[in-house]
Amino acid sequence: MSKIHAEHVFTSESVSEGHPDKVCDQVSDAILDACLKDDPQSRVACETLTTTDLIVVSGEITTNSKVDFEGIARKVVTDIGYVDPDIGFSAENCKVMICIHKQSADIAQGVDEGAGLHKEQGAGDQGMMFGYASNETEELMPAPILYSHKILQELAKVRKEDRDTYGYLEPDSKSQVSIRYIGGKPVKVETIVVSHQHKAEMKLENLEKLVKDISEKVIPASLMNDDVVYHVNPTGQFIVGGPHGDTGLTGRKIIVDTYGGVGSHGGGAFSGKDPSKVDRSAAYMARYIAKNIVAAQLAEKCEVQLAYAIGVPEPLSINVDTYGTGKLDNDADLEAVIRKVFDTTPYGIVTTLDLKNPAKNGWSYQDTAAYGHFGRNAFPWEKTDKVEALKAELA
């Protein structure tokens with residue numbers, strides 16, 4: 001059973017929607033949304049690359065939807081804010097290359113119900129996926145990654161909504177928050193780091209003030225103090241950025257996408273993958289399970305691991321770790337409860353969370369592709385609607 005450190009400092013980072021890798025994630029997921037809109041059975045594995053005035057969209061897609069790949073890519077880039085041709089990457093000037101083919105029939109027969117060795121729908125690949133939850137924040141997320149995301153969300157909001165005041169900000173940025181923990185609880189923000197792309201005429205003191213004001217707005221006062229150390233654009237300037245400054249790729253920010261380094265990660269990326277890929281859907285289910293366990297007050301912290309084999313419906317294993325905070329005598333006892341309350345087959349996951357119809361339920365996969373896949377109640381895996389069922393099983 002895992003132990004809680006008596007006292008330590010933990011750091012997590014986030015990157016903005018304008019970060020090169022996140023541009024790619026959003027393009028890939030916007031294409032996934034377009035495929036699912038008219039064909040919920042679409043099979044999508046879409047990868048994107050960006051560099052100086054170039055977007056390359058590639059991968060395996062089988063769909064009956066008519067998709068304007070180039071138009072989608074340019075719209076995503078426009079919405080992010082890359083519209084200035086002078087910074088080396090813009091929606092109007094960039095070249096878009098499309099390199100798409102269909103999904104392998106060997107994979108399809110393992111995923112299609114009744115087509116492979118197993119009658120039921122199988123997993124789209126082998127692997128292990130993790131979900132995590134903690135009661136240290138209202139969102140049941142680790143504090144460092146949650147506040148790193150929120151700082152960048154607010155920066156993006158002012159950049160887009162008040163160009164008269166903040167027109168010096170460009171889309172690319174990164175944040176980092178270090179928090180001191182005592183007895184497993186966050187008690188004090190130690191350091192906040194923000195690097196933000198900007199126009200040449202920006203005054204650094206203006207950005208420093210903006211970052212401090214936003215940090216004090218999104219981080220609870222109980223964690224803030226006069227001793228917080230800020231590092232804002234610590235190199236002195238950040239003019240060359242975005243895909244012009246660094247090549248972007250889909251799926252390269254897997255720790256930013258999840259829990260900021262807290263807990264474990266199976267290694268699979270999310271964006272551009274339809275829900276038959278358990279890299280994505282089972283990670284969502286693992287979060288759903290862990291969050292409901294914490295919400296039911298069965299643990300203060302909880303990590304759930306699910307493991308699959310390609311083409312096989314049932315998970316090979318379910319593992320639970322409450323880091324010594326569980327209310328049961330043995331964390332292994334939670335496994336039996338999970339199997340009764342949650343359907344962790346690929347079909348069960350997709351059905352429970354209705355992952356093939358995001359638009360009908362008011363969310364999109366593109367929404368997940370910046371500022372984290374977890375911790376925002378817009379997504380179905382963030383629901384805590386299994387609390388009573390968990391309590392009933394234990395009763």
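## Largest pocket

The largest pocket holds about 360 Å³ of space. On a 1 Å grid over the protein atoms alone, a pocket is an open set of points with protein on both sides within 12 Å along at least five of seven lines, and lining residues have an atom within 4 Å of a point. Grid points are joined across faces, edges and corners, and a volume is the space filled by probe spheres set on the points. The lining has 18 residues, and Ala30, Asp33, Ala34, Lys37 and Ala359 lie nearest the centre. Helix 1 gives the largest share of this lining, five residues; helix 1 and helix 2 each supply at least two.

The model is predicted: local features need pLDDT of at least 70, side-chain atom pairs count only at pLDDT 80 or more, and totals for chains, interfaces and linings use all residues. Residues are numbered from 1 along each chain as its sequence is written, and side-chain values use heavy atoms, with hydrogens and water left out.

## Cavity

One cavity of 30 Å³ or more is found in a search of the whole structure; a cavity is a set of grid points where a 1.4 Å probe fits but cannot get out. The largest cavity has a volume of about 60 Å³. Ten residues line the largest cavity, and Arg43, Asp274, Pro275, Ser276 and Lys356 are the closest to its centre.

## Sheet 4-3-2-9

Four strands form an open sheet in the order 4-3-2-9, with mixed pairing. Its edge strands, strand 4 (95–101) and strand 9 (248–249), each pair on one side only. Helices (H or I, at least four residues) and strands (E, at least two) are DSSP runs, numbered from the N terminus; two strands pair if DSSP finds at least two bridges between them. Strand 2 (residues 43–51) and strand 9 run antiparallel and are joined by two bridges, with Gly248 of strand 9 as the bridge partner of Thr50.

Helix 1 (residues 20–38) lies across strand 2, strand 3 (54–62) and strand 9, at about 150° to strand 2. Helix 2 (residues 69–80) also packs on the sheet, where it touches strand 3 and strand 4, and its direction makes about 130° with that of strand 4. Contact means heavy atoms within 4.5 Å. Axes are lines fitted to C-alpha atoms, for helices over the stretch in contact, and angles run from 0 to 180 degrees between N-to-C directions.

## Sheet 1-6-7-8

A further open sheet of four strands has the order 1-6-7-8, again with mixed pairing. Strand 1 (7–15) and strand 8 (229–232) are the edge strands. Strand 7 (residues 185–198) runs parallel to strand 8, joined by four bridges; Thr191 stands opposite Val229 in strand 8. Helix 6 (residues 204–218) packs on this sheet and touches strand 6 (169–182), strand 7 and strand 8.

## Core and buried elements

The largest nonpolar core has 102 residues, with Ile192 and Ile293 making the most contacts inside it. Such a core is a set of buried Ala, Val, Leu, Ile, Met, Phe, Trp, Tyr and Cys residues joined through side-chain atoms within 4.5 Å. Helix 9 (residues 278–295) contributes the largest share, eleven residues.

In helix 11 (residues 346–353), Pro346, Gly348, Ile349, Val350 and Leu353 are buried, that is, under 20% relative accessible area with a 1.4 Å probe, protein chains only. Helix 9 and strand 10 (301–308) are among the elements that cover them. Strand 5 (residues 127–134) has six of its eight residues buried, and eight bridges join strand 5 to the antiparallel strand 10.

Notes. Buried means under 20% relative accessible area, exposed over 50%, partly exposed in between (1.4 Å probe, protein chains only).
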